[in-house]
Number of protein chains: 2
Amino acid sequence: MKSDRACSRPIGAVTLALCALVFSVARSHAQTDPLPSWSDTAPKKAIVAFVEKVTRNGSPDFVPAAERIATFDNDGTLWAEQPMYFQLLFALDRVKALAPQHPEWKEKEPFASLLKGDVKGALAGGEPAVAQIVMATHAGMTTEEFDTIVRDWAASARHPKTGRLYTEMVYQPMLELLVYLRANGFKTFIVSGGGIEFMRPWTEKVYGIPPEQVVGSSIKTKFELRDGKPVLVRLPEVNFVDDKAGKPVGIHQHIGRRPIAAFGNSDGDLQMLQWTAAGSGARFALLVHHTDADREWAYDRQSSIGRLDAALDEAQAKGWTVVDMKKDWNIIYPFEKQQ
Amino acid sequence: MKSDRACSRPIGAVTLALCALVFSVARSHAQTDPLPSWSDTAPKKAIVAFVEKVTRNGSPDFVPAAERIATFDNDGTLWAEQPMYFQLLFALDRVKALAPQHPEWKEKEPFASLLKGDVKGALAGGEPAVAQIVMATHAGMTTEEFDTIVRDWAASARHPKTGRLYTEMVYQPMLELLVYLRANGFKTFIVSGGGIEFMRPWTEKVYGIPPEQVVGSSIKTKFELRDGKPVLVRLPEVNFVDDKAGKPVGIHQHIGRRPIAAFGNSDGDLQMLQWTAAGSGARFALLVHHTDADREWAYDRQSSIGRLDAALDEAQAKGWTVVDMKKDWNIIYPFEKQQ
């Protein structure tokens, strides 16, 4: 920053040449570090070593580009997930928005508690309550209508703690990792327990991951002709749960080959990491451990959201890479860079 | 061929230069026709006009590369489907191969008829009989085991009429079309009623379509640890039928955006074509009409395999492109070129 200002003042030819040289060196150094938000600690070194060995021609671990599949969990791995999964916050926002069309909700749980601002009371009903909220807010419209609803929400809704757009609460080190992997011929996929249609409207812009490379949970849809116009209607019926043992199933269904690298943060990712790591040849498995209560949140074995317990044990036993967010990431959110 | 020989004789500098010129013109002409197996009739002209208008910068119909999604049916569109779907022939071959492990099949229909060589008798049981044959041959093994079974079959089994490998009975004009579309920034997908795992082992080699761009019907799979090793086991339970109204559902599930071009040959493709054609902006819908009883097969409205009836009417009503195989394709199979 200082030398930048010095170089922008009116200066002589020699100084100018020197400035150009210094800058070119600085820029070339910046270009050689594809992961600047990662501290120079073990996880970054492990990532770079893995990428180099699978991409270097003649390396015994070389993997053809077509087979360089990398899968990423979303909640807690690419973006934050506290104080609760962002999709649940979306559903709560939708209940409020839809309440005027549903006067009966004033008397009916879990909606009644929710509309009084009592989220805990509403969620006390457990999974059936959550399912009711999800179906009331995610089904009953066409796929195009739902796409618009999600886009509008993503462009305007604010996180209760940071006041940021949810799509701003993505992890800068992971954005760099996605770019770095793609620059090395990897095809990057999301494999998330979250809703596939909740992610697709914004993953291309935010992560550079196109809709066809997003795998997630889904409800059933039905093809219909409405006044001769074909539509897909979202039905209040679970189609697929892309979590835990469902992740390798979802990977197989959508991608049809085993990833060589997988990235997660919770026990919901354990089977994806097992499936990835068990393939032949070089493999990479990484867990993000949320250890930074100041810049983000600190949680693991006891958390109801993003619990990391069995997977942490297995990572330690098998030598998978574990990111200590506090220590290994020098920036967490992209907006920190602009402050 | 003749001028090739003339030019390979010892010759003077001027002749050489002339030869080089002639060749370069010939080669450049060959390069400018990306669809040489298509006759210069309306379908070829419609394809080229569509591709040019969606790819030309500044065209009012320009479509960004990321949205250039093209979907292809497989049976009857990319490869042949007579005298019955090749996957059914695969299942019959598998019944014979598995018979020694199933002595009870000698007394049990539809297997008993099948093992006596009475295919018609076996299939007389209709859909339940077919389902029994499919589940007995497609389920009960891991995904990796099934992959090997399909690869071995594709590398060795022969078509009852032509004596060719099934993967040789693909349509040369469609292979050229796939390459042409990809060269113009399209992402090509298969969207087939056939089994997704029956296609993936060979589509990359035969069509240049990687596993992650294959959409098809599927049975359920289950993640298990066997002696600590993760496997996906194929269960005898239908997961998804990617046919008729299922095709837009499968497209939405796997690709997450609407194709701008779709290619089919039967009523099973009608809804995919409707869904594709109903999007905004330039759209292309094509049906392959099997009209060549000499070089291939001729069938449409009355056929039990690949029936083309309602979709043919709708194509005519809506002005979709219909390929008359006899008239519009000057080569059908790649091996004709080598004869």
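A residue counts here as buried when its relative accessible area is under 20%, as exposed when that figure is over 50%, and as partly exposed in between (1.4 Å probe, protein chains only). The model is a predicted one, in which local features need pLDDT of at least 70 and side-chain atom pairs count only at pLDDT 80 or more, while totals for chains, interfaces and linings use all residues. Residues are numbered from 1 along each chain as its sequence is written, chains are lettered from A in the order in which they are written, and side-chain values use heavy atoms, with hydrogens and water left out.

The symmetry comes first. Two copies of a chain are related by a rotation about an axis and a shift along it.

Next, the interface itself. Chain A puts 37 residues into the contact, and chain B puts in 37 residues. The size of an interface is often given as the accessible area lost when the parts come together. For chain A and chain B that comes to about 3100 Å², with 52% of it on carbon and sulfur atoms (accessible area with a 1.4 Å probe, the loss summed over both parts). On the chain A side, A:Glu212, A:Phe223 and A:Gln253 account for 21% of the area buried against chain B, more than any other three residues.

Charged pairs also cross the interface. Taking a salt bridge as a side-chain nitrogen of Lys or Arg within 4 Å of a carboxyl oxygen of Asp or Glu, there are 8 salt bridges between chain A and chain B, and 38 salt bridges over all chains. One that crosses over pairs A:Lys187 with B:Glu212, with the closest N and O atoms 2.9 Å apart.

Other salt bridges stay within a chain. B:Arg200 meets B:Glu197 at 2.8 Å, N to O. These two residues lie 3 residues apart in helix α10 (residues 196-207) of chain B, so about one helical turn separates them. B:Glu197 is buried as well, at 13% relative accessibility. In chain A, A:Lys44 and A:Asp40 pair up at 3.3 Å between the closest N and O atoms; A:Lys44 is buried at 7%, whereas A:Asp40 is exposed at 60%. B:Asp243 and B:Lys244 form a salt bridge at 3.7 Å, N to O, with B:Asp243 partly exposed at 28% and B:Lys244 partly exposed at 43%. Salt bridges with shared partners also tie A:Lys187, A:Arg257, B:Glu204 and B:Glu212 into one network.

Finally, a look at one helix. Helix α8 of chain A (residues 143-156) has 14 residues and reaches 20 Å from first C-alpha to last, close to the 20 Å expected at 1.5 Å a residue. Helices are DSSP runs (H or I, at least four residues), numbered from the N terminus. The buried residues of α8(A) are A:Thr143, A:Phe146, A:Ile149, A:Val150, A:Trp153 and A:Ala154. They cover an arc of only 125 degrees around the axis, which puts them on the same side of α8(A), the arc being that of the directions from the helix axis to the C-beta atoms.

Conventions: Expected span 1.5 Å × (residues − 1). Contact = heavy atoms within 4.5 Å. Buried area = accessible area lost by both parts, 1.4 Å probe.
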